[in-house]
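Please look over the sequence and the model below before reading on.

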Amino acid sequence: MTILETFKYVSIVVIGLLPIMNPLTTIPLYMALTQRMTPETRRVQARKACIYAFCILTTFLLLGNGIISLFGISMPGIRVAGGIIILILALRMIFSGFDTSSSVDSEPDEIKHANLDYSFSPLAMPSLAGPGSIAVIMSFGSQIPEGSLILGDAIVITGIAITAGIAYVALSAAGHIEKLLGEHGMQAITKIMGFLLTCVAVQFLASGIRDFYIEFSTI
């Protein structure tokens with residue numbers, strides 16, 4: 001395989017995965033969860049979230065069918081579980097904006113929030129590496145010819161890495177967006193995006209329940 005062909009196939013993976021991962025939809029959640037963290041801690045959260053997303057998608061590429069078979073998990077189940085998690089977080093964004101200033105706690109906010117880690121869940125999963133992204137990667141994996149498994153996996157993994165890198169750039173730019181909007185603008189955007197995330201969660205739940213219905217109706 002030539003370098004040009006390799007570049008073409010890697011590009012296909014990135015183009016197929018990026019719209020599904022869509023890091024822009026993760027920015028509001030990331031901004032809301034990390035708004036009381038220091039800039040350095042926020043960057044660490046973004047970096048870890050993208051690394052976790054890369055690891056999750058790579059794992060499902062290499063072991064996805066075995067994992068799903070071992071635990072008896074179906075893609076509709078993953079969609080419903082992801083939808084529930086996103087729905088809970090979205091409702092918190094709408095009704096509280098993740099504003100913990102009214103809570104009674106003896107620890108200063110800086111210390112309290114510095115100890116929280118949102119990088120794996122919900123940032124990496126189900127936001128970046130959600131059911132849609134997993135399904136796309138497993139679909140790419142199923143199209144790799146048996147005689148080219150190593151090269152095919154390497155191409156898909158490279159595409160995942162590039163997409164995760166793009167996601168990191170997007171999340172890293174979230175701080176500039178926050179400075180531009182200000183505190184009240186951020187609160188408004190958080191609630192608007194909370195509503196949009198609610199719509200995404202409902203769509204996840206609806207598609208998962210529909211797939212469950214189709215799956216069991218054919219039995």
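The notes that follow describe this structure topic by topic.

This is a predicted model, in which local features need pLDDT of at least 70 and side-chain atom pairs count only at pLDDT 80 or more, while totals for chains, interfaces and linings use all residues. Residues are numbered from 1 along each chain as its sequence is written, and side-chain values use heavy atoms, with hydrogens and water left out.

**Overall fold**

- The protein chain has nine helices and zero strands, where helices (H or I, at least four residues) and strands (E, at least two) are DSSP runs numbered from the N terminus.
- Of the 219 residues in the protein chain, 39% are buried; buried means under 20% relative accessible area, exposed means over 50%, and partly exposed lies in between, using a 1.4 Å probe and protein chains only.
- Among contacts (heavy atoms within 4.5 Å) between residues at least 6 apart in sequence, 87% join residues at least 24 apart.

- Helix α8 covers residues 149–172, and its 24 residues should span 34 Å at 1.5 Å a residue, which agrees with the 34 Å between its end C-alpha atoms; the expected span is 1.5 Å times one less than the number of residues.
- The buried residues of α8 are Gly152, Asp153, Ile155, Val156, Gly159, Ile160, Thr163, Ala164, Ala167, Ala170 and Leu171.
- Thr198 lies in helix α9, which runs over residues 174–217, and Thr198 is buried, with a relative accessible area of 15%.
- Leaving aside residues up to four places away in sequence, Thr198 touches Leu87, Ala90, Leu91 and Ile94.

**Salt bridges**

- Side chains of opposite charge can pair when their charged atoms come close.
- A salt bridge is counted when a side-chain nitrogen of Lys or Arg is within 4 Å of a carboxyl oxygen of Asp or Glu, and by this rule there are three salt bridges.
- Glu40 forms a salt bridge with Arg43, with the closest N and O atoms 2.8 Å apart; the two residues are three apart in helix α3 (residues 39–71), which means that about one helical turn separates them.
- Both partners are partly exposed, Glu40 with a relative accessible area of 44% and Arg43 with one of 38%.
- Asp117 forms a salt bridge with Lys48, with the closest N and O atoms 2.7 Å apart.
- This pair links distant parts of the chain, since Asp117 is in the loop between α5 (109–114) and α6 (119–128) while Lys48 is in helix α3, 69 residues apart.
- Asp117 is partly exposed at a relative accessible area of 41%, and Lys48 is partly exposed at 26%.
- Asp211 forms a salt bridge with Arg210, with the closest N and O atoms 3.4 Å apart, and Asp211 is buried, with a relative accessible area of 17%.

**Cysteines**

- A disulfide is a covalent bond between the sulfur atoms of two cysteines.
- The structure holds zero disulfides, a disulfide being counted when a pair of cysteine sulfur atoms is within 2.5 Å.
- Cys50 counts as buried at 6% relative accessibility, whereas Cys199 is partly exposed, with a relative accessible area of 37%.

**Aromatic rings**

- The structure holds one aromatic pair, where rings of Phe, Tyr and Trp (its six-membered ring) pair if their centres lie within 6.5 Å, and planes under 30 degrees apart count as stacked, over 60 as edge-to-face and the rest as tilted.
- The rings of Tyr52 and Phe120 have their centres 5.3 Å apart and their planes at 80 degrees, so this pair is edge-to-face.
- The pair links distant parts of the chain, with Tyr52 in helix α3 and Phe120 in helix α6, 68 residues apart.
- Tyr52 counts as partly exposed at 30% relative accessibility, and Phe120 counts as partly exposed at 42%.
- The charged end of Lys8 sits over the ring of Tyr9, 5.0 Å from its centre; this requires NZ of Lys or CZ of Arg to be within 6 Å of the ring centre and within 35 degrees of the ring normal.

**Cis peptide bonds**

- Most residues other than glycine have a negative phi, and most peptide bonds are trans.
- A cis peptide bond joins Ser121 and Pro122, with omega about 15 degrees, and Pro122 is placed in helix α6.
- The peptide bond from Met125 to Pro126 is cis, with omega near 15 degrees, and Pro126 lies in helix α6.
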